[in-house]
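Hi everyone, thanks for coming. Let's take a look at a protein together, and please keep the picture in view while I talk.

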Amino acid sequence: MGRTPAQKAAKAARVQQPKKRPGKAQREAIKRAQAAKKKAGSGKSAAKKTVPLPRGSVRAAYPGTCPACFKDYAKGDVITKVTDGWGHPGCAPRQMSAAEREFARNKARIESGETFRAQKPSDWRRGASPSSTRPAR
């Protein structure tokens with residue numbers, strides 16, 4: 001069967017028409033499928049995003065250099081505030097707790113020879129009970 005020139009022209013016009021975009025529901029289904037595929041097939045990148053970061057740390061938005069050790073860090077590495085900017089968490093000075101700060105302060109006072117004048121000397125005597133102490137002056 002032969003085709004007429006009009007039929008051939010109609011077929012050529014149909015072939016050259018631009019393809020229609022998928023509907024909104026189809027686009028969302030495609031995105032969900034791609035996300036599931038990415039999540040299932042990813043190894044290192046998914047593990048990096050799911051691990052919670054230490055407090056006060058962020059992921060580097062761009063590569064840089066640690067001001068404490070002068071070593072480079074890549075985009076996406078965990079960084080934290082150090083003395084002069086952002087750097088490796090290991091380069092940041094460790095924060096002491098309140099009890100550790102008080103202990104260090106008291107130790108420094110004792111080692112410097114400072115006395116605790118607010119404390120009066122003990123009335124306890126060796127070999128005697130507290131009730132048999134010497135009378136107060």
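A quick word on the source. This is a predicted model, where local features need pLDDT of at least 70, side-chain atom pairs count only at pLDDT 80 or more, and totals for chains, interfaces and linings use all residues. Residues are numbered from 1 along each chain as its sequence is written, and side-chain values use heavy atoms, leaving out hydrogens and water.

Now the layout. The protein has four helices and five strands, and from the N terminus on they run α-α-α-β-β-β-β-β-α. Helices here are DSSP runs of H or I with at least four residues, and strands are runs of E with at least two, numbered from the N terminus.

What share of the 137 residues is buried? The buried share is 8%, where buried means under 20% relative accessible area, exposed over 50%, and partly exposed in between.

Next, find Phe 70, in the loop between β2 (64-65) and β3 (72-73). Its phi is near 60°, a positive value in a residue other than glycine. Is Phe 70 buried or exposed? Phe 70 counts as exposed, at 66% relative accessibility.

Last stop: Lys 11, in helix α1 (residues 5-16). Lys 11 is partly exposed, with a relative accessible area of 43%.

Conventions: Buried means under 20% relative accessible area, exposed over 50%, partly exposed in between (1.4 Å probe, protein chains only).
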